[in-house]
Amino acid sequence: MRACRSGSAAVVLACLSVGVLAGRAAAQDERRATLLDPRHPEWTRPSPPVWYARFETSQGTFVVECVRERAPNGSDRFYNLIRLGYYEDVRFHRVRSDIVQWGLHGDPAVNAAWVASPFIDDPPQGSNVAGTFAFARDTVPGTASTQIYINLTDNTRNDREPFAIFGRVLEGMDVLKRLHAGYGDRSGSGVRQRRQGEIIAGGNAYLDLEFPLLDRLIRARIIDTPGGGT
């Protein structure tokens, strides 16, 4: 440190660069530790009554609106998954003409932590019309965790199921409809089909090898207003 303080401008800049890199590495380590610990208190922060998020994908950007009163537990979980970076560099593992689904992490260790960390079910409500979304879940109660599905078409036949619709797409339905749908259910299927074990165990490495055309969710961010920034 003394050499940094008394050295030339080049030495000082080099020291600053080392400090910045060390800070970034520490932040990344802390973030991964949080992702690996679903019981960390950061995951319990309540979402705002109405909030918005922007998703950057390999096909473009879409924006969603969420309303907490419709599904408080789901809204809080989704808000914190976005806020703490869970959805960075994940794959849209299930894309069909009527539905888009994602939420399995690229890191198998993170998957192992979250697959056993469901939240308490919200009462079912809303209708599965085009543009709406909810957490995917098994027929067994208490199995929703990290996976979200968005209706690309009116799927009201699913209204008899106990889904709690709490959000809708405000911008970018055209982006969602451009996501690669060639694999259909073969690349991951839904929670209820119980055929996601290879993704959970292999993460992005497995999906990129076996289903290389899947589109990517690059990052997600909470934003102040639909057309605004973070």
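Two strands count as a pair here if DSSP finds at least two bridges between them. With that in hand, E6 and E8 qualify in this predicted model: they pair in the antiparallel sense over 2 bridges.

**Figure 1. The protein chain as a whole has 6 helices and 9 strands.** Let's begin with the overall picture before zooming in. Of the 230 residues in the protein chain, 45% are buried. Among contacts with a separation of 6 or more, 74% come from residues 24 or more positions apart. The chain exposes about 11300 Å², and carbon and sulfur atoms supply 55% of that area.

**Figure 2. An open sheet is built from 9 strands.** To trace the sheet across, follow the order E3-E9-E1-E2-E8-E6-E7-E5-E4, with antiparallel pairing. At the edges sit E3 and strand E4 (94-95), each of which pairs on one side only. Strands of a sheet pair through backbone hydrogen bonds, either parallel or antiparallel.

**Figure 3. Strand E8 (residues 167-171) is joined to E2 by 4 bridges.** E2 and E8 run antiparallel, and a handy landmark here is Val64, which stands opposite Val169 in E8. E8 also pairs with E6, again in the antiparallel sense, over 2 bridges. For that pairing, look for Thr132, whose bridge partner in E8 is Arg168.

**Figure 4. Trp102 lies in strand E5.** Is this residue buried or exposed? Trp102 has a relative accessible area of 1%, and because buried means under 20%, Trp102 counts as buried. Leu217 is 115 residues away from Trp102 along the chain, yet the C-alpha atoms of the two are separated by 8.6 Å.

**Figure 5. Helix H3 is mostly covered, with 9 of its 12 residues buried.** The buried residues are Gly74, Ser75, Asp76, Arg77, Phe78, Tyr79, Asn80, Leu81 and Ile82. From its first C-alpha to its last, H3 reaches 16 Å, close to the 16 Å expected at 1.5 Å a residue. Once you come to the end of the helix, look for Gly85, which follows H3 and has a positive phi near 85°.

**Figure 6. Helix H6 (residues 197-210) falls short of the span of a straight helix.** H6 has 14 residues, but its end C-alpha atoms are only 14 Å apart, whereas a straight helix would reach 20 Å at 1.5 Å a residue.

Notes. Residues are numbered from 1 along each chain as its sequence is written. This is a predicted model: local features need pLDDT of at least 70, side-chain atom pairs count only at pLDDT 80 or more; totals for chains, interfaces and linings use all residues. Side-chain values use heavy atoms; hydrogens and water are left out. The expected span of a helix is 1.5 Å times one less than its number of residues. Buried means under 20% relative accessible area, exposed over 50%, partly exposed in between (1.4 Å probe, protein chains only). Contact means heavy atoms within 4.5 Å. Accessible areas come from the Shrake-Rupley method with a 1.4 Å probe; for residues, only the protein chains shown count as cover.
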